[in-house]
Amino acid sequence: NSYFAARVSGGLNVINQDDVQVSVGLSATQWNYGKDLSHYTYGQGGYYSPQSYTSFGLPLEWTGRVGRWSYQLKGSVSYSWSRSDDSPFYPHDPALQALAVGSTLPSGYSSPVYGGGSSSGVGYALKGAFEYKINSDYFIGTNLNMDRSAYYAPNFFNVYFRRVFTPWTQAVPYPPRPPKPYSQY
């Protein structure tokens, strides 16, 4: 499946001091897939793949440190539009698609084609990371993420210990550096 994506974003630091930074921004995202392969019949991919997806977001970020603590709080609100074309049950197998034309179809289908359409909606995200310097070698922290939009509502939470191999004698670093799940690399 062919894929195109572009993102433009910018931000402005409204507070930029030694121990605290606050920024606001604006982002625009566009991505397109050649075919909608969102479904689960043979030849479909089972992944969200609209022919057009456009989103505008307004992020806010507040990062800082106090004593042995460092923190990062993020929030954003977005509005998006998407459009998908009709997609055959068996997009890569004309013989199976031809057999499906004459077969009994699942309820709600008059032909072996997944109907396309368009949709729009509002989404928001809240993220927080907090880290505490136990001593010059060890840190403990937590990371919380929550995303919300129609049909998408993942949550992520972890607690971690981090050891540095060169003793950290400076001010607590910020923003916190929680580990990333492998899937985010």
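Analyst: The side chain of Q44 reaches the backbone nitrogen of H39 at 3.3 Å, and a polar atom of that side chain lies 2.9 Å from the backbone oxygen of P88. Polar contacts are pairs of N or O atoms within 3.5 Å; within protein, one atom must be able to donate a hydrogen and the other to accept it, and residues adjacent in sequence count only if both atoms are side-chain atoms. This is a predicted model, in which local features need pLDDT of at least 70 and side-chain atom pairs count only at pLDDT 80 or more, while totals for chains, interfaces and linings use all residues. Residues are numbered from 1 along each chain as its sequence is written, and side-chain values use heavy atoms, with hydrogens and water left out.

Q44 is found in the loop between β2 (20-33) and β3 (52-66); strands are DSSP runs (E, at least two residues), numbered from the N terminus. Q44 counts as buried because its relative accessibility is 11%, the limit being under 20% relative accessible area with a 1.4 Å probe and protein chains only. Leaving aside neighbours within four places in sequence, Q44 is in contact (heavy atoms within 4.5 Å) with D36, L37, S38, H39, S87, P88, F89, P91 and Y114.

The strands β2 and β3 belong to an open sheet of 7 strands, ordered β1-β2-β3-β4-β7-β8-β9 with antiparallel pairing, where pairing requires at least two DSSP bridges between two strands. Its edge strands, each pairing on one side only, are β1 (3-16) and β9 (155-163). Strand β8 (residues 138-148) pairs with β9 in the antiparallel sense over 9 bridges, and T142 stands opposite V159 in β9.

Note on methods: Helices (H or I, at least four residues) and strands (E, at least two) are DSSP runs, numbered from the N terminus. Buried means under 20% relative accessible area, exposed over 50%, partly exposed in between (1.4 Å probe, protein chains only).
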